[in-house]
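Welcome, and thanks for opening the viewer. Please load the model below, and let's walk through it one selection at a time.

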Amino acid sequence: MFPIHVAVAVIQNLEGKILLTRRQEHTHQGGLWEFPGGKVERREDLAQALRREIREELGIEVITHQPLISITHAYPEKTVRLDVHSILKYAGVPYGMEGQPLEWVSIEALHDYPMPAADRPICNALKLPDTYLITGPDPKAMKPFLRSLEVSLDQDIKLVQLRAPGLSDDEYRSLAAAAYKLCQRYGAKMLANASLGLIDKIDTDGVHLTSLQLTKLSDRPVSSGKWLAASCHNQRELEQAAALGVDFCVLSPVLATASHPQANPLGWDQFSEHLKHVNMPVYALGGLDRKHIPQAKMAGGQGIAAISALWAQG
Ligand SMILES: Nc1nc2c([nH]c(=O)n2[C@@H]2O[C@H](COP(=O)(O)OP(=O)(O)OP(=O)(O)O)[C@@H](O)[C@H]2O)c(=O)[nH]1
Ligand SMILES: [Mg+2]
């Protein structure tokens with residue numbers, strides 16, 4: 001089925017709350033809460049459709065916007081492609097021009113509002129920050145490693161993958177217990193990149209799978225209340241991740257990196273091309289730092305993941 005192209009807006013107020021509107025009962029997915037927007041008309045590009053729909057539905061003028069995520073979702077009766085943009089600047093005060101109920105909702109409360117199935121990855125994209133720290137070299141001792149983690153967390157890191165492939169399971173468990181406490185103190189989420197046998201033995205906010213682990217699983221290894229992430233390098237792995245119900249991915253290497261000199265970098269064009277077929281937030285990884293965040297977003301990504309650029313040296 002040829003997808004119906006839809007322009008969708010995420011509008012945030014100064015408190016960080018998101019604007020949801022309720023779909024009219026008689027429409028497709030009627031009665032559910034949605035992000036405002038509507039169909040791209042013939043002879044219109046996405047930006048024109050976004051401005052027109054938001055003017056018609058809310059009576060405000062969109063001034064600047066940037067891509068958040070693109071989702072293609074097949075409902076039994078139709079397939080939609082939602083091109084979701086974050087509105088960075090607008091003029092006016094949103095009002096339900098079509099009589100639709102309107103609410104400002106905190107990101108944590110989004111799951112209390114019944115939404116169309118296609119919107120789940122949008123909510124995930126809103127919950128995730130634009131940087132994902134992967135912890136640095138395997139610790140030789142716990143104290144300096146935790147010190148580096150703390151300095152990194154102090155630089156506004158809100159999402160951490162605890163990666164220490166050289167440690168034994170016992171060593172990883174004690175490191176994870178201490179690192180998780182630290183992450184909680186800084187309001188950051190921590191995902192464990194550990195052996196599969198450890199997954200239900202450590203207390204974390206979620207699990208990060210290697211691309212090899214991805215091939216060994218047929219069911220989601222953690223409940224839907226926890227984050228599940230995966231490392232991918234190509235379309236096949238991205239598809240495996242999607243089939244397993246992974247919430248977000250890291251795709252690498254985007255640029256050449258000193259840590260993986262043998263790997264062939266994807267480049268931004270190929271990164272962006274891969275994302276067209278993926279319905280989840282994806283971080284760009286490989287030779288990147290914070291200054292690449294705008295480029296990663298323009299390419300359709302969630303932001304950047306990094307070790308060297310985000311890991312503080314003690
Ligand atoms: N606007 C919007 N549409 C969504 C969301 N999620 C989702 O599945 N959709 C689907 O995307 C399509 C959007 O069409 P729409 O009904 O908003 O289109 P529109 O504003 O042009 O309305 P109209 O057809 O009455 O003129 C619908 O099939 C709707 O169910 C969402 O969060 N926001
Ligand atoms: Mg609409």
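**Stop 1: Ser-252**

Select Ser-252, which sits in the loop between E13 and H7. Helices (H or I, at least four residues) and strands (E, at least two) are DSSP runs, numbered from the N terminus. Before going on, a word on the ground rules: this is a predicted model, in which local features need pLDDT of at least 70 and side-chain atom pairs count only at pLDDT 80 or more, while totals for chains, interfaces and linings use all residues. Residues are numbered from 1 along each chain as its sequence is written, chains are lettered from A and ligands numbered from 1 in the order in which they are written, and side-chain values use heavy atoms, with hydrogens and water left out.

Is Ser-252 buried or exposed? Its relative accessibility is 10%, so Ser-252 counts as buried. Here buried means under 20% relative accessible area, exposed means over 50%, and partly exposed is in between (1.4 Å probe, protein chains only). Now show the neighbours: leaving aside those within four places in sequence, Ser-252 is in contact with Cys-232, His-233, Leu-266 and Leu-285. Contact means heavy atoms within 4.5 Å.

**Stop 2: helix H6**

Next, select residues 235-244, which form helix H6. Colour Gln-235, Glu-237, Leu-238, Ala-241 and Leu-244, the buried residues here. They pack against strand E11 (206-209), helix H5 (211-216), E12, strand E13 (248-251) and helix H7 (267-275).

Look at both ends of the helix too. Asn-234 caps the N-terminal end of H6, with a side-chain oxygen 3.2 Å from the backbone nitrogen of Arg-236. A polar contact is a pair of N or O atoms within 3.5 Å; within protein, one must be able to donate a hydrogen and the other to accept it, and residues adjacent in sequence count only if both atoms are side-chain atoms. Just after H6, Gly-245 has a positive phi of about 85 degrees.

**Stop 3**

Move to Thr-135, in the loop between strand E8 (131-134) and H3. Thr-135 has a relative accessible area of 0%, so it is buried. Its side chain reaches the backbone nitrogen of Arg-163 at 2.9 Å. Not counting residues up to four places away in sequence, Thr-135 touches several residues, among them Phe-145, Leu-149, Ile-307 and Trp-311.

Then select Lys-158, in the loop between helix H3 (142-153) and strand E9 (159-163). At 32% relative accessibility, Lys-158 counts as partly exposed.

**Stop 3: helix H2**

Select residues 120-127, helix H2. Six of its eight residues are buried, so H2 is largely enclosed by the rest of the structure. The buried ones are Pro-121, Ile-122, Cys-123, Asn-124, Ala-125 and Leu-126. Their packing partners are strand E1 (4-11), strand E2 (18-22), E5, strand E6 (79-91) and strand E12 (227-232).

**Stop 4: the two domains**

Zoom out and colour domain 1 (4-119) and domain 2 (131-306) separately; these bounds come from an automatic or database domain assignment. The domain centres, taken over C-alpha atoms, are 29 Å apart. At the interface, seven residues of domain 1 are in contact with eight residues of domain 2. The two domains bury about 570 Å² between them, with carbon and sulfur atoms giving 46% of that area. Buried area is the accessible area (1.4 Å probe) that two parts lose on being put together, summed over both. Highlight Gln-66, Pro-67 and Ile-69: these three supply 56% of the area that domain 1 buries against domain 2, more than any other three residues.

How many residue pairs are in polar contact across the interface of domain 1 and domain 2? There is one, with both residues at pLDDT 80 or more.

**Stop 5**

Gly-37 belongs to strand E4 (residues 37-39) and Glu-57 to helix H1 (residues 46-58), so the pair ties together parts that are 20 residues apart in sequence.
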